[in-house]
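Me: I am new to this structure and would like to know what its descriptions rest on. Please take my questions one by one.

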Amino acid sequence: MILPFDLILVLFVYICAVAALTTRDLLSAVMILGAYSYFMCLLWTEMAAVDVAFTEASVSAGIGTILCIGAISKTKRRSND
Amino acid sequence: MFDYIISYYNYWMYAGLMMIGFYGMMAKRNLIKKIIGMNVFQSSIIFFYISSSVKRGGVTVPIIKHVAGAHGSHGVDVMQYANPLPHVLMLTAIVVMVATLGVALAVAILIYRRYHTLEEDEIILCMRKG
């Protein structure tokens, strides 16, 4: 682990998490969650866990985002909070 | 004390991320927002386990290279590699995370078909009316 690199990546991860929770448009929130997953993937590559990183990139950022988009297309896109 | 905080900085990062996810699960009223908060919470747990596998001093990916002289002619120097056991555990946890996400979204779609809204307070109002 390299401290400045970790700090920058974790800052991006925090920004993405807070933005995904505060955006009122649910499709934007899901897209920001995908970006969050990719930043987590970079963080794990940096922590020498490449197997976890590519599983995260394919499963969580890929399939998870697709599932969320499917669910939003079947329900409502607006959120009140 | 300050050195102690700095040297365990991954725990602070994981605890902050966990609190963000917990806030999303508890305080947000939209069901999809709750599911997003759950996703953040789960990946903070995975972050904790993965960061516990890192060793100091330039460790690399755990692909074993045999070195001569450590333990006989085919010894393995463990201090060169990150601990692979949390990696294997967390591979399972990532797959479980996506399965949980799928089930939660399916339940949210069913709730939307029944009540025509995703907001928790409006759902509770509809349930009280009948």
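Me: How do you know that the span of helix 4 of chain B agrees with its number of residues?

Reply: In this predicted model, helix 4 of chain B runs over residues 84-115, which is 32 residues. At 1.5 Å a residue they should span 46 Å, and the end C-alpha atoms are 47 Å apart, so the two values agree.

Me: What makes a residue of helix 4 of chain B count as buried, and which residues are buried?

Reply: A residue is called buried if 20 or more other C-beta atoms lie within 10 Å of its own. In helix 4 of chain B the buried residues are P86(B), H87(B), M90(B), I94(B), M97(B), L101(B), L105(B) and A108(B). They pack against helix 3 (50-74) of chain A and helix 3 (31-51) of chain B. Just after helix 4 of chain B comes H116(B), with a positive phi of about 60 degrees.

Me: Why is helix 3 of chain A called roughly parallel to helix 4 of chain B?

Reply: The axes of the two helices come within 10 Å and cross at roughly 0 degrees. Angles under 35 degrees count as roughly parallel, so helix 3 of chain A is roughly parallel to helix 4 of chain B.

Me: Which residues meet where helix 3 of chain A touches helix 4 of chain B?

Reply: From helix 3 of chain A they include V52(A), V59(A), I63(A) and L67(A), and from helix 4 of chain B they include M90(B), I94(B), L101(B) and L105(B). By class, this contact has 16 nonpolar, five polar and three charged residues.

Me: How many residues does each chain give to the contact between the chains, and which element of chain B gives the most?

Reply: Chain B gives 38 residues and chain A gives 35 residues. On the side of chain B, helix 2 (9-27), helix 3 and helix 4 each give two or more residues. Helix 4 of chain B gives the most, with 13 residues. The side of chain B that touches chain A has 23 nonpolar, eleven polar and four charged residues.

Me: How do you know that the span of helix 2 of chain A agrees with its number of residues?

Reply: Its 21 residues, 26-46, should span 30 Å at 1.5 Å a residue; the end C-alpha atoms are 30 Å apart, so the span agrees.

Me: What do the buried residues of helix 2 of chain A pack against?

Reply: They pack against helix 1 (3-22) and helix 3 of chain A, together with helix 3 of chain B. Among the buried residues are L33(A), Y36(A), F39(A) and W44(A). Just after helix 2 of chain A, A48(A) has a positive phi of about 60 degrees.

Terms used:
Residues numbered from 1 in each chain as written. Chains lettered and ligands numbered in written order. Predicted model: local features only at pLDDT ≥ 70, side-chain atom pairs only at ≥ 80, totals over all residues. Helix = DSSP H or I, 4+ residues; strand = E, 2+ residues; numbered from the N terminus. Expected span 1.5 Å × (residues − 1). Buried ≥ 20, exposed ≤ 12 C-beta atoms within 10 Å, placed from the backbone. Contact = placed C-beta atoms within 7 Å. Nonpolar A, V, L, I, M, F, W, Y, C, P; charged D, E, K, R; others polar. Axes fitted to C-alpha atoms, helices over the stretch in contact; angles between N-to-C directions. Parallel < 35°, antiparallel > 145°, perpendicular 65-115°, else oblique.
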